[in-house]
Every structure is written in C-alpha cells, then in structure tokens.
Amino acid sequence: MPANSTAPQGGAHEPVGDPNGSAVDGVTARDPTDEGTRDGDTLDQGAPDYVAAAALGRAAPRRPATEAEARALASAVRLRIMRLCLDRPLTNKEIAERLSANPATTLHHVRTLVATGFLAAQEERRGTRGAREVPYLATGKSWTLSVHDHRIDGSGRAMLDAFLDEIAHVDMDAAQEGNDPDDPSGFSRLGLRLPPKDLIELGDRMAVLLNEYAIKPADMTDGIPYSIFLAFYRDVTRP
C-alpha cells in the first residue's frame, strides 16, 4: 500500500513549485506571505492549463518525507485544505469559508503547506472590490511521500479526522440506499485471516489500482468529484 499517503489526491495538480519563488516545470510559486483574504472572484469553470500536469505531480517516484513534510501532513486541517484545493485554486478566504474557520488560522496552515511544497501559489488576481488575491492549488506531492521514517505524533489520527470531517457532509445512508448504477458511493467492511504472502499480495494489488487512478488527469468537464478512504490494518480486536 502507499505508505501513509494522504489517500488518493485524485484530481488536477501542478508539479511541485519552489516556495522561494522560482519556477519548477512551469509553475511559479509566490511568496507565501502574499496572501489574499478578501473577497474572491468566481473561479474559472473551464479546464485550466494545470490539468495536463496532473499525472506528473503524482507520478513522481515515492520517497521518504522530510521531517518538515511529515509534520505538515500531521494535521487534519491541512489535509482538508489540500483536498479543497485539489481541482481548482482557492484563496485563503475561500478556504476559510469552506472550513467555517477563521481566515487568520487558515493562513497559518496555508503558509505551512506552501513552505513544504504541498500547495503552490498561482497567478495573482483581483477580487470583486479590487483587492489583491493569491489562489493556491494542491501539488499532489503528498501522494509520492512515505512518512514511516518519522514517528510524528498524531499523523495517523490526522488522516482519520480529515476523513471523518469530510464524510460528515455526506448522507451515506441515502447514498447506499440509492438506485443510481453510476454512483459507487458506499461502505464495505471485510474481515480476513490470511497468511503473510497473501496479505502482501493484497496490499500490492490495492496500491497498483489506486496509483493507476491517482495519476489520471482530471476530467474538468464531465468529471464527478469523489474521494476514497482505504483502511488496511491489523485487527487487534480478534484473537
């Protein structure tokens, strides 16, 4: 399985930008202090240029996370911010509104994600009242990292809490009871008792399948946003 990644970051991403302001693979990363927290424009609903770069961001070879990267991922709020900025760039104000959070608190998390390369600042724009705004887009880098080398307290819990926060907005009973054959929403639970060889094979097959879809470019025209949370764990409640 992908080691402690942030569940598939499916969608469109830019390649990773340098938070110091240089351009990497065509992405200019601005100073993270250039933050827009004022009124926002309506986001462009068309397919932007960064869609073509989606596969590049998450097709990078997996590598161990640095301690700073691992600590950045050990926050449910920051994981949710990356997911919110998955397909289209959002300003700090827009992020705060979607999280029902204080913009000043959100700004701290945004700056952390920019400094560690999980968010990339996009081209500055003007809001409805002429205020300067900087939208941010998730880079997809989290999918390429393993945090096993760092024992960061709360990292596993952060991923679970982010999932619980997001799923709380979904009526899963209605989704599971629906008759729409095109809607795969739902839960599945399965208890297994397998020898080590079969467990490894199962994990490898899951990883291959998730990675196959993780590197697909986003369909910004007809694509439907979905998220997946996969838990594969030793069941200590069973003897």
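Leaving aside its neighbours within four places in sequence, which residues is Leu 194 in contact with?

1. Leu 194 is in contact with Leu 199 and Leu 202 once its neighbours within four places in sequence are set aside, where contact means heavy atoms within 4.5 Å. Leu 194 lies in the loop between helix 7 (172-177) and helix 8, and with a relative accessible area of 32% Leu 194 is partly exposed. On this scale, buried means under 20% relative accessible area, exposed means over 50%, and partly exposed is in between (1.4 Å probe, protein chains only).

2. Some notes on the source come next. This is a predicted model, in which local features need pLDDT of at least 70 and side-chain atom pairs count only at pLDDT 80 or more, while totals for chains, interfaces and linings use all residues. Residues are numbered from 1 along each chain as its sequence is written, and side-chain values use heavy atoms, with hydrogens and water left out.

3. The protein chain has 8 helices and 8 strands; helices (H or I, at least four residues) and strands (E, at least two) are DSSP runs, numbered from the N terminus. Of the 239 residues in the protein chain, 38% are buried. Among contacts between residues at least 6 apart in sequence, 77% join residues at least 24 apart.

4. Helix 3 deserves a careful look. The buried residues are Ala 76, Arg 78, Leu 79, Arg 80, Ile 81, Met 82 and Arg 83, and they pack against helix 2 (67-73), helix 4, helix 5, strand 4 (119-121), strand 7 (136-138) and helix 6.

5. Two packed helices are described by the angle between their axes and the distance between the axes. Here the axes are lines fitted to C-alpha atoms, for helices over the stretch in contact, and angles run from 0 to 180 degrees between N-to-C directions. Helix 3 (residues 76-84) packs with helix 4 (residues 92-99) at an angle of about 115 degrees, and their axes are 11 Å apart. The two helices are therefore roughly perpendicular to each other, given that angles under 35 degrees count as roughly parallel, over 145 as roughly antiparallel, 65 to 115 as roughly perpendicular and the rest as oblique.

6. Helix 3 passes helix 4 in a right-handed crossing; a crossing is right-handed if the near helix is turned clockwise from the far one by less than a right angle, and left-handed if anticlockwise. On the helix 3 side, Val 77, Arg 80, Ile 81 and Leu 84 meet Ile 95, Arg 98 and Leu 99 of helix 4. By class, this contact of helix 3 with helix 4 has 5 nonpolar, no polar and 2 charged residues, where Ala, Val, Leu, Ile, Met, Phe, Trp, Tyr, Cys and Pro count as nonpolar, Asp, Glu, Lys and Arg as charged, and the others, Gly among them, as polar.

7. The axes of helix 3 and helix 6 come within 8 Å and cross at roughly 55 degrees, which makes helix 3 oblique to helix 6. This crossing of helix 3 past helix 6 is right-handed. Helix 3 contributes Ala 76, Leu 79, Arg 80 and Arg 83, while helix 6 contributes Ala 158, Met 159, Asp 161, Ala 162, Asp 165 and Glu 166. By class, the contact of helix 3 with helix 6 has 5 nonpolar, no polar and 5 charged residues.

8. In helix 4, the buried residues are Asn 92, Glu 94, Ile 95, Ala 96 and Leu 99, and they pack against helix 3, helix 5 and strand 5 (125-126). Ser 100 sits in the loop between helix 4 and helix 5 (103-115), and has a positive phi of about 55 degrees although it is not a glycine. Ser 100 counts as exposed, at 71% relative accessibility.

9. The structure holds 1 aromatic pair. Phe 163 and Phe 229 form this pair, which is stacked, at 4.3 Å centre to centre and with 20 degrees between the planes. Rings of Phe, Tyr and Trp (its six-membered ring) pair if their centres lie within 6.5 Å, and planes under 30 degrees apart count as stacked, over 60 as edge-to-face and the rest as tilted. The pair links distant parts of the chain, 66 residues apart, with Phe 163 in helix 6 (residues 155-167) and Phe 229 in the segment after helix 8 (196-214). Phe 229 is partly exposed, with a relative accessible area of 29%.
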